[in-house]
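Visitor: Can you walk me through this one? I have a few quick questions.
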Amino acid sequence: MFPAAFDYRAPASLDEALGLLAQQGDAAKVMAGGQSLIPLLKLRFAQPGMVVDIGRMRGLTGVSRNDGWITIGALTRHVDLERSYDLPGQLSMLPEAAHWIADPLVRNQGTIGGSICHADPSGDWGSVVLALGADLVARSANGERVIHAADFFQGPFTTALGPDEILTEIRVASSSKPAGGAYNKLERKVGDFATVAVAVQVELDGGKVSRAGIGLTSVGATNIKATEAEKSLVGREPNDAVIAEAARLAAAAAEPKTDVRGSAEFKRDVVRVFVQRGLKTALARAKEARV
Amino acid sequence: MKVSMKVNGAERSGDVEPRVLLVDFLRTNLAQTGTHIGCDTSSCGACTVLLDGEPVKSCTLLAVQVDGRSITTVEGLANGATLSPIQAGFHEEHGLQCGFCTPGMMLVGTALLERNPEPTEDEIRWAISGNICRCTGYMNIVKAIQHAAKAQAAAQAKVPEAVVVAGGE
Amino acid sequence: MSTATHMHGRIGESIKRKEDARFLRGKGNYLDDFVLSNMLQMAILRSPHAHARIKSIDTSAAGSMPGVIAVVTGELMAQHKLAWMPTLSGDTQAVLATDKVRFQGQEVAAVIAETKYQAEDARDAIIVDYEVLPAVTSPDGAKSAGAPLIRDEKEGQKDNHIYHWESGNQATTQAAFATAHKVVRLHTFYPRCHPAPLETCGCIADVNSATGKATIYMTSQAPHAIRTVFALVTGLPEQQIRIISPDIGGGFGNKVPVYPGYVVATAASLLIGRPVKWVEDRNENLISTGFARDYHMTGDLAVDEKGKMLALRVHLDSDNGAFFADAQPSKFKAGLFHIVTGSYDIPTAHVTADGYYTNKAPGGVAYRCSFRVTEASYLIERLVTNAAIELGLDQAEFRKQNFIKPEQFPYTSATGWVYDSGDYPKAMDVALEKLGYAELLNDVERRRKQGEVTGIGIASFTEVVGAGHGADFDILGLRMFDSAELRVHPTGKALLRMGTKSQGQGHETTFAQIVTEELGIPAADIAVEEGDTDTAPYGLGTYASRSTPVAGAATAMVSRKLRDKARKIASHLLEAAEEDLEWEVGRFYVKGSPDRSKTIQEIAFAAYTNLPEGMEAGLEGVHYYDPPNMTYPFGTYAVVVDIDKGTGQVKVRRMVAVDDCGVRINPMIVEGQIHGGLTEGFGIAFMELITFDSDGNCIGSNFMDYLLPTAWETPRFEMGETVTPSPHHPLGAKGVGESATVGSPAAYVNAVIDALSPYGITNIDMPVGPDKVWAALRSKGVTE
């Protein structure tokens, strides 16, 4: 099984890459680690005229903190996030989510930015950035712009990025308040896409939830931000009733479809279960969190 | 396109279409057929190679993508007639049956022990969870990697004994 | 001289495998590793529809693409009378479709080009105009009024029914049911799954245009049978066909049949005069080659008030796909399914089976199983656990009460099988002991009181393997014997050639050990060869756990033949009467004078240098072994599961496997076989599934959808054994390759059902995914 023929460029710098995209428009497809794109090319579901391989450029990797932001380079591999043992509590969800992506070999090659831009509604990072309320930084030959995660995912495999843009960074405003997250995923086996997964993030202020984020995987046309559920938590003391209410609202926000992985009813209920479990874990982590 | 890479320590190059997969480059252009194709969708790991020491699936990499980098295949594990500790472990613990997944499993095991010389059973099982074996039920693959870990630990203290497998016992 | 010299590699010794040397170095020779000079590549165009009439095929664009040598269609094949081929079940199968396509993935055309890339590019340029027809995707659909007629090309075929088959005694079974205290019913669907060996199928056909000889490298578990089928299909004289089955990357039944790709590649090589390679991709393997199971089964078990089983009644509807191409002995339309009374002394039974055509891939193969024994074992073991639950009896006790007793062997079952040997209570006891059953039952009670969902599953399977005695077992008339040819060289080293073909089972080691045991030549000195029909003796191949029961027996017998000759030579060398010689492994010595001896190596040298007057030179022989009966391996498997109420996820906490496969030749290899089978059984129970939507689109057509367990999900197995030799096998061995796939699915599912039984849940069909468990719990109001 082989891809159809295409032209290939491996720009040495971001500017060179952006120049190529400006020139090629829709005909070019950006590739980072290639772990989503190459299977599509092999199945001939995607037949771009040109592949622009940004995976060989230097830079855009790693996690850094400055100017009130925690920044993750778009070319940071899943494995590097999985093994980020020293992240602040605010990002405790990252290694956990990374751990369940695909399988260990794919994680050695695939990148967070590539995965987010692929925008598979079954992708894990989408829910994580929604729950974190992250900003996604995009560059084109014309300059840089910031897209809120909530505005990024527009449909299955469709994002707010223009054909001439490249995602360069994922960034989160760093907070001095105790915060924690959790990622729960139901998969049929290692390497499977999620049947359902839920990213949950909470920030505490004096025993009350000051910020909450909930992202849902595989239960809609995109990763879903469970806004009503998030709102229900803010300003409240997170007791069992509050948690159950948030879980109920998140389940209501899911738009699952019945398929070989299970019925819509089943998936919706697993959302409920995972929001409950995730909130309990996230709250415990927030309470003992490094800031 | 011109592509060159280090394969098992030797500089190798070729002229390929961009769409040529790394596994095909290794098998067809370099006639290194120890790297296998099992699924085409990066699900099974039969095509596993080490890319700069880390296991990846060569069916889901373009040959041009790894230009200038270093690849290790199963053919690069043994030192002449002497099997590497992982290879010896697979032999001693019956870690292989049909042999088709074996190169990938051994390469993953090699990389794991490089990073984590004393893995727990769970760590081993997690490390090989991107590689499918249809024959062994993984029991003896786990033992094989444990065997290699022990052998490597023992070799810290002394020069390793050569293990030679040729035509059996 | 000591008589107790250690001979390395005898029966019972876990010597390391001889075949490892090449595999460990990446130097195995699998089909796709072969490159012949001037070789072309073939790609097959397949139907996107499950059922459609072909209105036209336009190959003009494809034919003119770079590198393309030929585009082959059904029409071209028909000109050579090769558009259809016979199946192993006496039906016909399209090689390349001419009239209709009858399943998604059916072969429609083939491109032969200089490179794989060119072949695939051109394949995409073939234009086929289809008229889509309604699809049939189940036996119920096949028999419904107004169902489309799938095999409209078959003379006399008026509906989608293939066969009706019965076994046992209807009258006595009916009578027993009439008096029963209780009848327990289980309706279950054993879904379609796929052997999915890691290496796909393929071939390289090389027809020499000067000599006409066809050399075909092929991923085949049965190269000789394939050669004969090829001779019948193509009309080529059989001596002009050579099948070479190289190293095989797993078979599990998938590599028994003849596939259209083999025929097309051979025809193409014949017409073009160059070697043609065809290797499936994974999608092709899963959607078009030999599937497994797909049985809809209903079982009724009649019991008396004391819990004694009285009678068994079973009906099954078999979904055979578009062509009846099951790989199984000719006389048995539903394979060996009538072993369905299992390990139990059930006085009477009646089994009925109906097969149906559907718009699904053809070729029911025994996925690590002896011809449909797996389905039978699953049904009876599930039924027995359900009966125990319904009767309020302990599932282990209920089994023990109804087991065939050790003293009843040889035992004739209600459907006519003659079980050779067994000690079922013993295997059960070893398993329960290992499990700590009594304590575990208490633990389950304790956990359940705390709200946990947990349970224990048991399955005590009996398999029937080693086909078979030739009078009853044949494939296309070929009696199911097997063979071994042994040549001892002058230096005492040996070459053993077999009619079987290893796919990872370790034949090169195991069969060498049999020669070591019988003739005293160290295993390291014996080369074992299989798979080349020009050199190996004729045999029926490796599947249905038959290699050790049949070819292993042949190896013992040929070794004994040579030992008889060796005795004559020793007698000559030692100047002693034959009856005065004693044999110990590796040498003959004169009774009472152990120092006067000749080793087998000395005798071998003499066979070529210093023979008795009038004796034929050499120390070689061949044996064709036709087993007097099948062998009946058995065992007890026990599983403990924990279920997550919130997600329906099942976690196997423990898996105890006690197998009795008679005498174990290489215990290490035997255990490895069981590990593998337990894992494939685990996969089948929990995740492996080929299913179809209502249009007949295959779901499960790649490894992202057809799920195989990884090391992470796979349980850690706790192994045990008992040894009850087969009384009729020369070594007492029974065969073991498939026991664990046969016996384990029921054990896993029984554990789930036991865990759910407090809620009144009695069945979940495989694969037992979290969605189904969640739905079952939810239906009873259970939730997190």
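Visitor: Which domains is chain C divided into?
Guide: This is a predicted model. Chain C is split into domain 1 (20-27 + 481-625), domain 2 (34-133 + 197-251 + 255-288) and domain 3 (292-361 + 377-467 + 629-779).

Visitor: What separates the centres of domain 2 and domain 3 of chain C?
Guide: Taken over C-alpha atoms, the centres are 37 Å apart. Domain 2 of chain C gives 22 residues to the contact, and domain 3 of chain C gives 22 residues.

Visitor: And what area do domain 2 and domain 3 of chain C bury between them?
Guide: About 1700 Å², with 61% of it on carbon and sulfur atoms. On the domain 2 side, Ser89(C), Gln104(C) and Leu286(C) supply 31% of the area buried against domain 3 of chain C, more than any other three residues.

Visitor: How many salt bridges does the rule find across that interface?
Guide: The rule finds 0 salt bridges there. Polar contact is found for 9 residue pairs, both residues at pLDDT 80 or more.

Visitor: Which element gives the largest share of the domain 2 side?
Guide: H9(C), with 5 residues.

Visitor: Switching to chain A. Which residues of helix H1 are buried?
Guide: In H1 (residues 14-24) of chain A they are Leu14(A), Ala17(A), Leu18(A), Leu20(A) and Leu21(A). Seen down the axis of H1(A), these fall within an arc of 155 degrees, so they line one face of the helix.

Visitor: What is exposed on the other side of H1(A)?
Guide: Asp15(A) and Gln23(A) are exposed there.

Visitor: What do the buried residues of H1(A) pack against?
Guide: Strands E1 (7-9), E2 (28-31), E3 (50-53), E6 (135-140) and E10 (166-173) of chain A.

Conventions
Residues numbered from 1 in each chain as written. Chains lettered and ligands numbered in written order. Predicted model: local features only at pLDDT ≥ 70, side-chain atom pairs only at ≥ 80, totals over all residues. Heavy atoms only, no water. Buried < 20%, exposed > 50% of the residue type's maximum accessible area, 1.4 Å probe, protein only. Helix = DSSP H or I, 4+ residues; strand = E, 2+ residues; numbered from the N terminus. Arc of directions from axis to C-beta. Contact = heavy atoms within 4.5 Å. Domains from an automatic or database assignment. Buried area = accessible area lost by both parts, 1.4 Å probe. Salt bridge = Lys/Arg side-chain N within 4 Å of Asp/Glu carboxyl O. Polar contact = N/O pair within 3.5 Å; in protein donor to acceptor, adjacent residues only side chain to side chain.
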